[in-house]
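Here are some friendly notes to read with the model open beside you. Please follow the points in order, and keep the sequence at hand.

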Amino acid sequence: MAVAPHDPSLDDLLFLDGQVLVVDPAGKYWVRFVVRRVPATPDRPHGLGYSLTLHDAAGARLVGFDNAHPPPGRTRKKRATRDHRHGPRTIRPYEYRSAADLLADFWTEVD
C-alpha cells in the first residue's frame with residue numbers, strides 16, 4: 001500500500017474537523033469541515049476523507065469540495081480519485097495537490 005508523502009499543512013486541515021463557522025456579518029452563510037485520515041488507496045492516495053462545504057441560512061449547500069463519491073461520469077474503467085467540487089448546479093473533478101491548496105481553493109470559492 002502506498003504511503004502518502006508528508007504534507008506539513010495536513011495538521012491544519014485535520015484541526016478543522018468538526019468546525020462550523022459563520023462566514024458573514026449577517027450570519028446568513030456558514031461553512032462546515034469534516035476531515036479524517038483514511039487508509040491511502042488508489043481512490044484516495046492522499047489518505048484523507050474530507051468534505052468542506054458552504055451553506056446558506058436554510059442549510060442548502062452552495063459550494064463543496066469532497067471525496068465521498070467519484071465525480072459523475074467516472075466508471076470502474078476510468079478509475080480516478082474521488083476528489084471533486086460542487087457548485088450551485090455542477091460537479092467537477094478536483095485535483096487534490098495538498099491540504100494547503102485544498103483550503104485555499106475552498107476559501108477562494110467561498111469568497
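1. Let's begin with strand 3, which is mostly covered: 7 of its 8 residues are buried. Buried means under 20% relative accessible area, exposed over 50%, and partly exposed in between, with a 1.4 Å probe and protein chains only. Helices (H or I, at least four residues) and strands (E, at least two) are DSSP runs, numbered from the N terminus.

2. A word on the source: this is a predicted model, in which local features need pLDDT of at least 70 and side-chain atom pairs count only at pLDDT 80 or more, while totals for chains, interfaces and linings use all residues. Residues are numbered from 1 along each chain as its sequence is written, and side-chain values use heavy atoms, with hydrogens and water left out.

3. Now the overall picture. The chain has 2 helices and 6 strands, and from the N terminus on they run α-β-β-β-β-β-β-α. Of its 111 residues, 35% count as buried. The accessible surface is about 6,900 Å², and carbon and sulfur atoms hold 55% of that; these areas come from the Shrake-Rupley method with a 1.4 Å probe, and for residues only the protein chains shown count as cover. Among contacts with a separation of 6 or more, 38% are between residues 24 or more positions apart; contact means heavy atoms within 4.5 Å.

4. How are the strands arranged? The 6 strands make an open sheet in the order 1-2-3-4-5-6, with antiparallel pairing. At the edges are strand 1 (20–22) and strand 6 (91–93), each of which pairs on one side only. From one strand to the next, the twist averages 15°. Two strands count as paired if DSSP finds at least two bridges between them. As background, strands of a sheet pair through backbone hydrogen bonds, either parallel or antiparallel.

5. Let's walk across the sheet from strand 1. This strand and strand 2 (residues 30–37) are antiparallel and share 3 bridges; Val22 has Trp30 of strand 2 as its bridge partner. Strand 2 then pairs with strand 3 over 8 bridges, again in the antiparallel sense, and there Arg32 stands opposite Thr53 of strand 3.

6. Do stop at Gly59, which lies in the loop between strand 3 and strand 4. This hairpin has 5 residues between the strands, and Gly59 takes a positive phi near 95° there. Gly59 is partly exposed, with a relative accessible area of 33%. Its C-alpha atom is 10.0 Å from that of Val31, a residue 28 positions away along the chain.

7. What does helix 2 do in relation to the sheet? Helix 2 (residues 99–110) packs on the sheet and touches strand 2, strand 3 (48–55), strand 4 (61–66) and strand 5 (84–86); its direction makes about 15° with that of strand 3. Axes here are lines fitted to C-alpha atoms, for helices over the stretch in contact, and angles run from 0 to 180 degrees between N-to-C directions.

8. Which residues of helix 2 are buried? They are Ala99, Leu102, Leu103, Phe106 and Val110. Seen down the axis of helix 2, the buried residues fall within an arc of 95°, so they line one face of the helix; the arc is that of the directions from the helix axis to the C-beta atoms. Their cover includes helix 1 (10–15), strand 2, strand 3 and strand 4.

9. Two more residues deserve a look. Ser9 sits in the segment before helix 1 and is buried, with a relative accessible area of 13%. Leaving aside neighbours within four places in sequence, Ser9 is in contact with Ala99 and Ala100. His46 belongs to the loop between strand 2 and strand 3, and His46 is buried with a relative accessible area of 13%. His46 and Tyr96 are 50 residues apart in sequence, yet their C-alpha atoms are 8.2 Å apart in space.
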